[in-house]
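This report looks at how two chains are arranged and at what lies between them.

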Number of protein chains: 2
Amino acid sequence: MKPEDIAKEAKIASRVFAHLKTEAKNSVLSELKRLLSHKKDYIIEENKKDVEKARSAGLQKSIIDRLMVDEKVIKEMQKSIEDVINLPDPVGEITKTWRRPNGLLVGKMRIPIGVIFIIYESRPNVTIEAFSLCLKSGNAMILKGGSEAFFSNIALYSLIREALERESVISKGVQLVETSERDYIYRLLSLDEYIDLVIPRGGESLIRNVVEHSRIPVLKHYKGVCHIFVDESADMEMAFKVCLNAKVQKPATCNAMETLLVHESIAERFLPEMARLLRNEHVDLKGCERTRELVDDVEYAQEDDWYREYLDYILSIKIVRDMDDAIEHIRRYGSDHTDAIITRDYNNAWRFIREINSSLVIVNASTRLNDGFQLGLGAEMGISTSKLHAFGPMGLEELTVTKFIAFGDGQLRE
Amino acid sequence: MKPEDIAKEAKIASRVFAHLKTEAKNSVLSELKRLLSHKKDYIIEENKKDVEKARSAGLQKSIIDRLMVDEKVIKEMQKSIEDVINLPDPVGEITKTWRRPNGLLVGKMRIPIGVIFIIYESRPNVTIEAFSLCLKSGNAMILKGGSEAFFSNIALYSLIREALERESVISKGVQLVETSERDYIYRLLSLDEYIDLVIPRGGESLIRNVVEHSRIPVLKHYKGVCHIFVDESADMEMAFKVCLNAKVQKPATCNAMETLLVHESIAERFLPEMARLLRNEHVDLKGCERTRELVDDVEYAQEDDWYREYLDYILSIKIVRDMDDAIEHIRRYGSDHTDAIITRDYNNAWRFIREINSSLVIVNASTRLNDGFQLGLGAEMGISTSKLHAFGPMGLEELTVTKFIAFGDGQLRE
């Protein structure tokens with residue numbers, strides 16, 4: 001089908017999706033969950049074609065790992081569907097109301113965005129997660145998965161269509177793009193009369209390419225250069241645990257700590273032990289001159305290193321003079337993703353919360369908590385570091401917008 | 001100055017604007033209000049140059065009216081500043097919080113958007129209104145007024161700078177673009193590393209041109225084809241008053257009614273008297289065949305008329321079979337701006353509220369109420385009909401975004 005046709009079909013179906021009852025949406029999700037058990041052999045079989053193709057093409061092991069669908073991955077998919085079933089339906093929620101002097105009751109009500117175009121890379125799970133979140137929030141969608149997951153995504157998509165059809169929901173509300181032709185994708189990115197939002201999920205080059213070619217608003221997330229600032233009043237035991245967790249619990253994620261900032265008056269007591277703990281976990285350390293005076297064998301951190309998202313067992317460390325210096329560093333080198341302070345000082349805690357405008361600003365906890373599940377959104381579609389519309393993890397609420405509503409008894413404009 | 005330079009200056013100053021104390025912002029606004037009295041002769045003098053130029057260029061009277069600044073307009077500007085001073089500061093507001101099972105307190109806090117580029121047409125008032133709202137919401141701004149208001153805007157801008165400097169606030173946070181060269185504007189619209197949002201305020205061609213050339217997100221408002229549906233259970237007296245108000249109180253505005261939909265079972269009793277009342281106010285009527293059977297001398301409404309935003313003393317009337325028919329009509333021909341139902345039926349009221357996804361959906365009141373002041377936002381920067389980020393009148397809240405915040409006592413990712 002032509003790009004125009006699939007976008008138009010999605011747009012027409014989006015009107016139906018927008019007004020689906022909660023029970024109907026949950027029935028489709030339950031049915032999909034059931035089908036994933038029922039047809040798991042088929043899914044795993046199709047996935048094997050992708051995995052073999054990837055192996056013979058010599059793709060990296062990490063890509064093949066992400067690509068693989070086995071019984072465990074299918075259980076995870078089912079768990080993620082179950083989670084979304086259990087989340088409250090955001091559509092129709094009245095988020096606030098206020099009464100005007102003339103008696104008019106004004107409010108805001110959540111409605112779906114419309115048609116969301118999701119472009120993602122290798123993990124086939126995203127097909128299921130994106131579908132669940134978009135459906136529950138009343139949005140129609142166009143899915144474009146990675147070409148490495150070609151067979152897996154077609155198989156999962158056939159289950160999605162089957163689930164929709166079994167529950168008598170128009171299956172055209174979910175479109176799968178099977179080609180990876182650039183011109184086809186670019187054409188879709190120009191169809192702002194049919195598509196309301198684009199969410200690219202993947203590496204920086206994918207995202208930049210989408211932004212470059214889109215006439216449709218894009219929710220983007222470039223990178224996470226996350227900081228922890230250990231203030232002079234920090235509880236040192238807490239700081240050790242939080243910093244260790246933020247760096248090594250899963251270093252390849254966007255919310256892992258990349259730079260540790262330490263107040264100079266605590267550095268001498270804090271840094272040598274912190275360095276020892278990190279090295280126990282095989283973390284390579286880079287640092288400023290003063291760090292190198294306190295800790296042996298620390299590589300000198302170049303100007304470039306402060307901008308780096310290592311996504312690896314590497315950490316940059318800088319000793320700062322005070323709060324001002326820490327805030328200035330984060331503003332200059334940070335990426336508005338996730339930044340934390342460890343402190344016992346009331347004023348510093350609040351100043352950090354107010355003056356750092358990252359998508360999540362934390363006092364006394366790990367940066368790894370910037371995640372839809374951890375923050376209690378239930379599930380998410382990635383973490384936005386663009387401020388407009390959504391900033392931070394994009395849960396069901398962030399896949400809706402609000403309209404104004406007003407209940408009157410004959411109010412006029414005077 | 002080059003586009004890059006003014007955008008960069010605004011970006012740097014935006015950090016200061018973002019953290020201005022409420023009192024500092026209000027002091028600047030008070031000072032500006034004072035200067036408007038103190039230097040009103042200068043403003044009126046400069047404005048005369050624009051008005052004379054417009055007259056000798058033979059511009060329309062309506063444009064010259066909008067352009068003119070006299071003592072009354074200066075008073076209105078001062079009133080609008082006073083209104084913004086009295087609005088609560090949105091920056092730093094914590095809009096919600098929730099506690100996670102691990103004890104982490106999570107919330108959302110309002111922060112400014114950053115740098116807003118406002119492009120507007122003839123009314124010099126917008127210079128003052130846009131400045132007041134952007135400053136109060138902590139945003140730096142780039143202002144580009146209409147070339148017809150060249151001298152007026154430079155004069156008003158000089159007062160803004162003076163007010164900022166007198167209160168020791170960095171005046172580079174407000175930039176005025178003095179040229180109307182296309183390439184200069186297009187270059188600004190490409191600088192997404194410095195400018196966070198573009199708000200064009202003006203006619204459809206201005207807005208389309210901005211959307212076409214911008215790499216920065218645009219809050220747009222194309223047109224308002226607003227409907228009132230008079231349901232079969234409507235209170236007829238209320239319906240007469242509301243429809244009359246929605247059509248004639250100020251027909252040239254985007255929230256004026258353009259199409260009246262009448263339930264067939266009430267049409268015979270309702271329409272002849274409604275037509276008489278509208279014609280008393282010099283409204284020309286167009287209508288469907290059935291309307292023409294009930295009311296004399298109604299011009300036949302062509303397919304195109306249902307899409308029209310007349311902005312004038314003209315109204316299209318259609319008799320519909322039922323709610324379904326009315327909703328279908330609004331979905332097909334509407335512009336997602338403002339739509340109202342007049343009804344005494346509980347189910348129909350709620351169904352209309354739920355199923356019409358316009359920026360304001362009203363029960364039993366005039367469409368003319370879709371306005372920041374009328375809805376209690378205090379002031380506004382126009383009405384967005386794009387759904388992302390803001391949908392409806394853009395008040396102070398809509399000029400902010402939220403970041404996530406979290407207060408912990410050592411929470412880790414398990």
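## Terms and basis

A salt bridge is taken here as a side-chain nitrogen of Lys or Arg within 4 Å of a carboxyl oxygen of Asp or Glu. The model is predicted, so local features need pLDDT of at least 70 and side-chain atom pairs count only at pLDDT 80 or more, whereas totals for chains, interfaces and linings use all residues. Residues are numbered from 1 along each chain as its sequence is written, chains are lettered from A in the order in which they are written, and side-chain values use heavy atoms, with hydrogens and water left out.

## Salt bridges across the interface

Across the interface of chain B and chain A there are 8 salt bridges. B:Glu397 forms a salt bridge with A:Lys96, with 2.8 Å between the closest N and O atoms.

## Buried area

Between them, chain B and chain A bury about 6,000 Å², 57% of it on carbon and sulfur atoms, where buried area is the accessible area (1.4 Å probe) that two parts lose on being put together, summed over both. B:Leu388, B:Phe404 and B:Arg413 supply 15% of the area that chain B buries against chain A, more than any other three residues.
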